[in-house]
Amino acid sequence: RCSDTSSGKRCEHRIKSVSVKLCSTHACTEDLCGNPRTNGNEMYCAEHICFQCVKIGTTPARAAEDEPPRNTCDKHRLCVAPECLDLVHNDLNYCYDHSRCQEDRCEEESIYRDPCL
């Protein structure tokens, strides 16, 4: 029997597998994942769901293409600068801050904070 008790009582459905102790209604739909879904409307657990979809309220949230903390979908690409979790800017590989020239008073686009030429 499923181990979910989120409704106040234990779920009566059969478990997905011996290794996944939740039923198909309560378990993340990612292969071999035994984590519970983030809520009743979503298909994925916190590890496999796009955190940006959740943040902006996209329903249903899409599957993440990377592991936490960079778990976002292809619609919410993150800046490639080390340790940056901001969304890319204007289809560049960098966020707004990392795509700007760092020379004083310059507003031109640049590649990862290099001065523009």
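## Asp74 and the salt bridges

Asp74 is partly exposed, with a relative accessible area of 39%, where buried means under 20% relative accessible area, exposed over 50% and partly exposed in between (1.4 Å probe, protein chains only). Asp74 forms a salt bridge with Arg62, the closest N and O atoms being 2.4 Å apart; a salt bridge is here a side-chain nitrogen of Lys or Arg within 4 Å of a carboxyl oxygen of Asp or Glu. Arg62 and Asp74 both lie in the segment after H1, so the pair ties together parts that are 12 residues apart in sequence. Arg62, at 34% relative accessibility, also counts as partly exposed.

The structure holds 2 salt bridges, and another of these joins the side chains of Arg1 and Glu12, at 3.1 Å from N to O. This pair links distant parts of the chain, with Arg1 and Glu12 both in the segment before H1 and 11 residues apart. Arg1 counts as partly exposed at 48% relative accessibility, whereas Glu12 is exposed, with a relative accessible area of 59%.

## Basis of the description

This is a predicted model, in which local features need pLDDT of at least 70 and side-chain atom pairs count only at pLDDT 80 or more, while totals for chains, interfaces and linings use all residues. Residues are numbered from 1 along each chain as its sequence is written, and side-chain values use heavy atoms, with hydrogens and water left out.

## Overall composition

The secondary structure of the protein comes to 1 helix and 0 strands; helices (H or I, at least four residues) and strands (E, at least two) are DSSP runs, numbered from the N terminus. Of the 117 residues of the protein, 32% count as buried. The protein exposes about 8,100 Å², of which carbon and sulfur atoms supply 47%, the areas coming from the Shrake-Rupley method with a 1.4 Å probe, and for residues only the protein chains shown count as cover.

Among contacts (heavy atoms within 4.5 Å) between residues at least 6 apart in sequence, 6% join residues at least 24 apart.

## Nonpolar cores and cysteines

The largest nonpolar core has 9 residues, namely Cys28, Cys33, Tyr44, Cys45, Ile49, Cys50, Cys53, Ala61 and Cys73; such a core is a set of buried Ala, Val, Leu, Ile, Met, Phe, Trp, Tyr and Cys residues joined through side-chain atoms within 4.5 Å. Apart from this core lies another, of 6 residues, among them Cys2, Leu22, Cys23 and Ala27. Leaving aside its neighbours within four places in sequence, Cys45 is in contact with Cys28, Cys33, Asn35, Pro36, Arg37 and Thr38.

With a disulfide defined as a pair of cysteine sulfur atoms within 2.5 Å, the count comes to 0 disulfides. Cys33 is in no disulfide, and the nearest cysteine sulfur, that of Cys45, is 3.7 Å away. Cys33 is buried, with a relative accessible area of 6%. The sulfur of Cys95 is 3.8 Å from the closest cysteine sulfur, in Cys84, which is too far for a bond, and Cys95 is likewise buried, with a relative accessible area of 2%.

Asn71 lies in the segment after helix H1 (51-56) and, at 5% relative accessibility, counts as buried. The side chain of Asn71 reaches the backbone oxygen of Ile49 at 3.0 Å. Not counting residues up to four places away in sequence, Asn71 touches Ala46, Glu47, Ile49, Cys50, Phe51, Ala64 and Asp66.

Glu65, in the segment after H1, counts as exposed at 60% relative accessibility. Its contacts, leaving aside neighbours within four places in sequence, are with Thr72, Cys73 and Asp74. The C-alpha atoms of Glu65 and Arg77, 12 residues apart along the chain, are separated by 9.5 Å.

## Backbone geometry

The peptide bond from Thr59 to Pro60 is cis, with omega near -5°, and Pro60 is placed in the segment after H1. A cis peptide bond also joins Pro68 and Pro69, with omega about 10°; Pro69 is in the segment after H1.

Leu32, a residue other than glycine, has a positive phi near 65°; Leu32 lies in the segment before H1 and is exposed, with a relative accessible area of 84%. Glu83 has a positive phi of about 65° although it is not a glycine, and this residue, in the segment after H1, is exposed with a relative accessible area of 83%.

Technical notes
A polar contact is a pair of N or O atoms within 3.5 Å; within protein, one must be able to donate a hydrogen and the other to accept it, and residues adjacent in sequence count only if both atoms are side-chain atoms.
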